[in-house]
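Hi there,

Here is the structure I promised to hand over. Have a look at it first, and then read on for what turned up.

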Amino acid sequence: TGVIRTALHNMDREAREHYSVVIQAKDMAGQVGGLSGSTTVNITLTDVNDNPPRFPQKHYQLYVPESAQVGSAVGKIKANDADTGSNADMKYTIINGDGSGVFSISTDKETREGILSLKKPLNYEKKKSYTLNIEGANTHLDFRFSHLGPFKDVTMLKIIVGDVDEPPLFTMPSYVMEVYENAKIGTAVGTVTAQDPDAANSLVRYFIDHNTEEDRYFTIDASTGTIKTAKIFDREETPWYNITVAASEIDNPGLVSHVPVGVRILDVNDNPPELARDYDVVVCENAKPGQVIQTIAATDKDNSANGARFHFSLDEGLSLNPNFTLRDNEDNTASILTRRRRYSRTTQDIYYLPVLISDGGVPPLSSSSTLTIRVCVCERDGRVRTCHAEAFLSSAGLSTGALIAILLCVVILLAIVVLFITLRRSKKEPLIISEEDVRENVVTYDDEGGGEEDTEAFDITALRNPSAAEELKYRRDVRPEVKPVPRHHPSSSLDSIDVQEFIKQRLAEADVDPSVPPYDSLQTYAYEGHRSEAGSISSLDSATTHSDQDYNYLGDWGPEFKKLAELYGEIESERTT
């Protein structure tokens, strides 16, 4: 076999990492005539931790502005190591220096760099620079090469703090103030203070962020920072307010800082005590003197310092109550006791007991409440049996069944009366007697006219003087749905009027008038005209006298006179037969 051995002492991988060796093998022990073969062997040196880390410089300088945020990375530093892999792993630490409490350093395993971070806020006005001694050391040591050590290195880092125009700084991170309820508007609650941390020490202006409704309940002096009330507070309504106060430099209003302010509303004894609830007090008819029928309690909207102790008593301004009395239990409760034996509901079923309640606040307040005590029937063990009016009816001898029967009879009688009234109102006499009645176009009215003196019901002037009716007039027996078109006719003297022409004119107007009813209408004209050669045209005497007049012309008068033409046609036929 062929064994390959090193020929040099202390071979250094950092100087040369790869080697190539040509190996030749011969047979016949290397004699002449023997055969041989060769091959190339590539040799790579593996790394050992034989190189300590080294910083390129012994002194470094870093600029960090004072506005840097706590926890943020402010710089990086790196020590070089010629080894590779885990042999080059290292750890960075701050071994001393005046900035060890302000800064911290960690190691990035990927890049093997030291990351410098800020632990506390910087203030240029207090300290302008810091000095750190940073050490970088290998984490995996090979003790075979410890004589080449130490495997660590130290450098000095000087940090320069940069001056930045900062917003005002409040003297406290938060404020808690107190003010009494019912205080007048403009009462001072407290003062906040902020200063410019820069060397310029600019003046500060204060204001309240009105982001919520609570911020509008207070005002602040822009110069002094004094907070005052802007309304009257009620602790029972809102006991605590949270506001936010802001401060900015006058020279640079864009730099603003905020601080939370809590305002506690202190209690004032301004609420009198009152009963804890509405009590339903009941006394039995068979109650005994001195018997406790109810225990009452009181409550107060004020806090315990202004009303934790309540005192109960009866109104001293009233005469001594002969029925009930009150006992203060001195534990913020009181008991109502009877003063006599037996109570009767038939005599009096309700009693009223005024109770006076006062608190122990400064100044003390009191209120009066009236208890309503009902008299009820109870069992022997004190259980209430009934307090309603049923007992009175029972004592009169009326049972529940009798009451139901009486009520049912009353309801039936009322139903009969209502039905009778409804039938009477629904019964009406028809205006038209029958369909076959020849007077189907005559409407019958029960009202009597006022005679000749009645000038309101009908305008008689239109009949006596036709020329006066030429103007627009509306019918009074029907209500027109369409406004008729006014008609204008040439005026003529009374002497020249022909009655037949007048009637035809009125007939034509009735045919085209849209406001007339859709049934035959009998229109009577009392005016007969002057110097009529035909005599009267009235049909009042037609039933007793016979006339040879031909009524066929009635059929030419239009549909309104159709029924009249049929009637006279029947009469004419009877005469001929």
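Met172 counts as partly exposed, because its relative accessibility is 42%, which falls between the 20% limit for buried and the 50% limit for exposed. Please keep in mind that this is a predicted model. You will find Met172 in the loop between β10 (169–170) and β11. Its C-alpha atom is separated by 8.4 Å from that of Val192, although the two residues are 20 apart along the chain.

Which strands make it up, and in what order? The order is β11-β18-β17-β14, an open sheet of 4 strands with mixed pairing. Its edge strands are β11 (175–180) and β14 (204–208), each of which pairs on one side only. From one strand to the next, the twist averages 30 degrees. If you follow β11 to its partner β18 (residues 256–266), you will see the two pair in the parallel sense, over 6 bridges. Within that pairing, Tyr175 stands opposite Val261 in β18.

There is another open sheet, also with 4 strands and mixed pairing, in the order β3-β9-β8-β5. Here β3 (59–65) and β5 (90–96) stand at the edges; each has a single partner strand, so one side of each is left without a neighbour in the sheet. β5 and β8 run antiparallel and are joined by 6 bridges. As a place to start looking, Ile94 stands opposite Ile134 in β8.

Now for the aromatic rings. How many aromatic pairs does the count come to? With ring centres required to lie within 6.5 Å, the count comes to 11 aromatic pairs. One of them is Phe103 with Tyr130: the ring centres are 5.6 Å apart and the planes are at 75 degrees, so this pair is edge-to-face. It links distant parts of the chain, since Phe103 is in strand β6 (residues 103–108) and Tyr130 is in strand β8 (residues 129–138), 27 residues apart. Both Phe103 and Tyr130 are buried.

Tyr217 and Tyr241 form an edge-to-face pair too, with 5.4 Å from centre to centre and 85 degrees between the planes. This pair also links distant parts of the chain: Tyr217 lies in the loop between β14 and β15 (218–220), Tyr241 lies in strand β17 (residues 240–249), and 24 residues separate them. Is Tyr241 buried or exposed? Tyr241 counts as buried, because its relative accessibility is 3%. Tyr217 and Tyr241 also belong to one aromatic cluster, together with Phe218 and Phe233.

Last, something on the surface. Leu408, Ile412, Leu413 and Ile416 make a nonpolar surface patch of about 410 Å². Ile416 sits in helix α2 (residues 400–426). With a relative accessible area of 52%, Ile416 is exposed, because the cut-off for that label is over 50%.

Best wishes

Definitions and conventions:
Residues are numbered from 1 along each chain as its sequence is written. This is a predicted model: local features need pLDDT of at least 70, side-chain atom pairs count only at pLDDT 80 or more; totals for chains, interfaces and linings use all residues. Side-chain values use heavy atoms; hydrogens and water are left out. Two strands pair if DSSP finds at least two bridges between them. Axes are lines fitted to C-alpha atoms, for helices over the stretch in contact, and angles run from 0 to 180 degrees between N-to-C directions. Buried means under 20% relative accessible area, exposed over 50%, partly exposed in between (1.4 Å probe, protein chains only). Patches are made of residues with over 30% relative accessible area and no salt bridge: like charges are joined within 9 Å, nonpolar side chains (Val, Leu, Ile, Met, Phe, Trp, Tyr) within 5 Å. Accessible areas come from the Shrake-Rupley method with a 1.4 Å probe; for residues, only the protein chains shown count as cover. A salt bridge is a side-chain nitrogen of Lys or Arg within 4 Å of a carboxyl oxygen of Asp or Glu. Rings of Phe, Tyr and Trp (its six-membered ring) pair if their centres lie within 6.5 Å; planes under 30 degrees apart count as stacked, over 60 as edge-to-face and the rest as tilted.
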